[in-house]
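Q: I would like to learn how to read a few features of a protein model. Could we take them one at a time?

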Amino acid sequence: MVASLARTERMPLTEGAWVDVCRSWLPRADEVFETMVAQVPWRADKRQMYDRLVDVPRLLHTYMIGEELPHPVLTDAREALSEHYLPELGEPFRTAGCCWYRDGRDSVAWHGDTIGRGSTRDTMVAIVSVGDPRRLQLRPRGGGESISIEMGHGDLLVMGGSCQRTWEHAVPKVAHAGPRISVQFRPFNVF
Ligand SMILES: O=C(O)CCC(=O)C(=O)O
Ligand SMILES: [Fe+2]
């Protein structure tokens, strides 16, 4: 069983966006990390950058709707999140995107999860983090000060409201970091 979400703290942002944080929420985080390193079918992507193909600086895998997650704690986590947020979200979390940041050179650039519904409607993306701590940064689209939230081993962070379309987020490169894995639970048709 995963811990209660009652102690989750909400940080309102602008334009109806918000972030919820619940520290040390995921149980058996060491085991989840080890299992994911060993068992997720990680892939290294490349993407076109002008006239070159460059490595995407992290390893990826997405569990689609109905696919079994690599550790039962993650299944429990998804169910607990779906139940807790149902009144506000109106639907369950369905997919689980996984990112493995191997060291401080791995990162994700500024973006919103705006493929699908996130570009036009309020939604939620719930992220659990295992491994070394990394900073998740958030900034309003169109300019403004960024905020920085450290995501530690077992921490939960939920981006909600208009966050995907009115704000952007990133995990910047750092000089020194050990491996971190993030699991992003999303509803149907949000990427
Ligand atoms: O690693 C994270 O916590 C964020 C990942 C992310 O923003 C994404 O994959 O869309
Ligand atoms: Fe994202």
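Q: Which residues does Ile181 touch, leaving out those up to four places away in sequence?

A: Contact here means C-beta atoms, placed from the backbone, within 7 Å of each other. In this predicted model, Ile181 touches Phe33, Met36, Cys98, Cys99, Trp100, Val130 and Gly131.

Q: How are the residues and chains labelled, and what confidence is asked for?

A: Residues count from 1 along each chain as its sequence is written, while chains are lettered from A and ligands numbered from 1 in the order in which they are written. Local features need pLDDT of at least 70 and side-chain atom pairs 80 or more, but totals for chains, interfaces and linings use all residues.

Q: How many residues are in the largest nonpolar core?

A: Such a core is a set of buried Ala, Val, Leu, Ile, Met, Phe, Trp, Tyr and Cys residues joined through C-beta atoms within 7 Å. Buried means 20 or more other C-beta atoms within 10 Å of the residue's own; exposed means 12 or fewer, and partly exposed lies in between. The largest core has 43 residues. Ile181 is among those with the most contacts inside it, along with Leu26, Val32, Cys98, Ala126 and Leu156. Of the 191 residues of the protein, 36% count as buried.

Q: Why does Trp18 count as partly exposed?

A: Trp18 counts as partly exposed because it has 17 C-beta neighbours inside 10 Å. Trp18 sits in strand β2, residues 17-22. Strands are DSSP runs of E, at least two residues; helices are H or I, at least four; both are numbered from the N terminus. Beyond four places in sequence, Trp18 touches Arg10, Met11, Pro12, Leu13, Gly160, Gly161 and Cys163. Trp167 is 149 residues away along the chain, yet the two C-alpha atoms are separated by 9.6 Å.

Q: Which residues are around ligand 1?

A: A residue is near a molecule if its C-beta atom, placed from the backbone, lies within 6 Å of it. Around ligand 1 are Gly97, Cys99, Val108, Asp113, Ile127, Leu136, His169, Val171, Ser182 and Gln184. Strands β5 (95-101), β11 (167-171) and β12 (180-186) each give two or more residues to this shell.

Q: What does the secondary structure of the protein come to?

A: The protein has three helices and twelve strands. Its C-alpha trace spans about 45 × 40 × 30 Å along the principal axes. Of the contacts with a separation of 6 or more, 76% join residues 24 or more positions apart.

Conventions:
Two residues are in contact if their C-beta atoms, placed from the backbone, lie within 7 Å.
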